[in-house]
Amino acid sequence: MTVELALSVMAGARARHLFLCDENDQRTGLITRARLIAVRESPLYTDQVRLRDVLALAR
């Protein structure tokens, strides 16, 4: 899922965070709307940035 899609889903659900899961439905992380907005405002952002990329940067 891209950052833009995640922000859209979160806006529609009025959610402040998303739980991220792997292909086995096991939770792999949590990401906040604030973090996604910060990533989107970064000069390195492109519309191809995916949530897994954001999580990898946070580690």
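First, the ground rules. The model is predicted, so local features need pLDDT of at least 70 and side-chain atom pairs count only at pLDDT 80 or more, while totals for chains, interfaces and linings use all residues. Residues are numbered from 1 along each chain as its sequence is written, and side-chain values use heavy atoms, with hydrogens and water left out.

I start with the helices. Helices here are DSSP runs of H or I with at least four residues, strands are runs of E with at least two, and both are numbered from the N terminus. Buried means under 20% relative accessible area, exposed means over 50%, and partly exposed lies in between, with a 1.4 Å probe and protein chains only.

Helix H1 covers residues 3-13. Its buried residues include Val 3, Ala 6, Leu 7 and Met 10. Looking down the axis of H1, the buried residues fall within an arc of 100 degrees, so they line one face of the helix. The arc is taken over the directions from the helix axis to the C-beta atoms. As background, an α-helix has 3.6 residues a turn, so residues three or four places apart point the same way.

Glu 4 is also in H1, and Glu 4 is partly exposed, at 34% relative accessible area. From Glu 4 to Thr 32 is 28 residues in sequence and 13 Å in space, C-alpha to C-alpha.

Helix H2, residues 33-40, has Leu 36, Ile 37 and Val 39 buried. Seen down the axis of H2, the buried residues fall within an arc of 160 degrees, so they too line one face of their helix.

Next, the backbone. Which residue follows H1 with a positive phi? That is Arg 14, with phi near 55 degrees, and Arg 14 is not a glycine. Arg 14 lies in the loop between H1 and strand S1 and counts as exposed, at 78% relative accessibility. Asp 25 is another non-glycine residue with a positive phi, about 60 degrees. Asp 25 is placed in the loop between S1 and strand S2, residues 27-32, and is exposed, with a relative accessible area of 65%.

Now side chains and rings. The charged end of Arg 27 sits over the ring of Phe 19, 4.3 Å from the ring centre. The criterion is NZ of Lys or CZ of Arg within 6 Å of the ring centre and within 35 degrees of the ring normal. Phe 19 belongs to S1 and is partly exposed, at 45% relative accessibility. Arg 27 belongs to S2 and is exposed, with a relative accessible area of 61%. Phe 19 and Thr 32 are 13 residues apart in sequence and 8.9 Å apart in space. Arg 27 and Leu 51 are 24 residues apart along the chain, with 13 Å between their C-alpha atoms.

Last, the largest pocket. On a 1 Å grid over the protein atoms alone, a pocket is an open set of points where a 1.4 Å probe fits, with protein on both sides within 12 Å along at least five of seven lines, and lining residues have an atom within 4 Å of a point. The volume is about 190 Å³, meaning the space filled by probe spheres set on the points, which are joined across faces, edges and corners.

Which residues line the largest pocket? They are Met 1, Leu 20, Cys 21, Asp 22, Thr 28, Arg 50, Leu 51, Arg 52 and Leu 55. S1, residues 17-21, and helix H3, residues 51-58, are the elements giving two or more residues to this lining. The largest share, 3 residues, comes from H3. By type, the lining has 5 nonpolar, 1 polar and 3 charged residues; Ala, Val, Leu, Ile, Met, Phe, Trp, Tyr, Cys and Pro count as nonpolar, Asp, Glu, Lys and Arg as charged, and the others, Gly among them, as polar.
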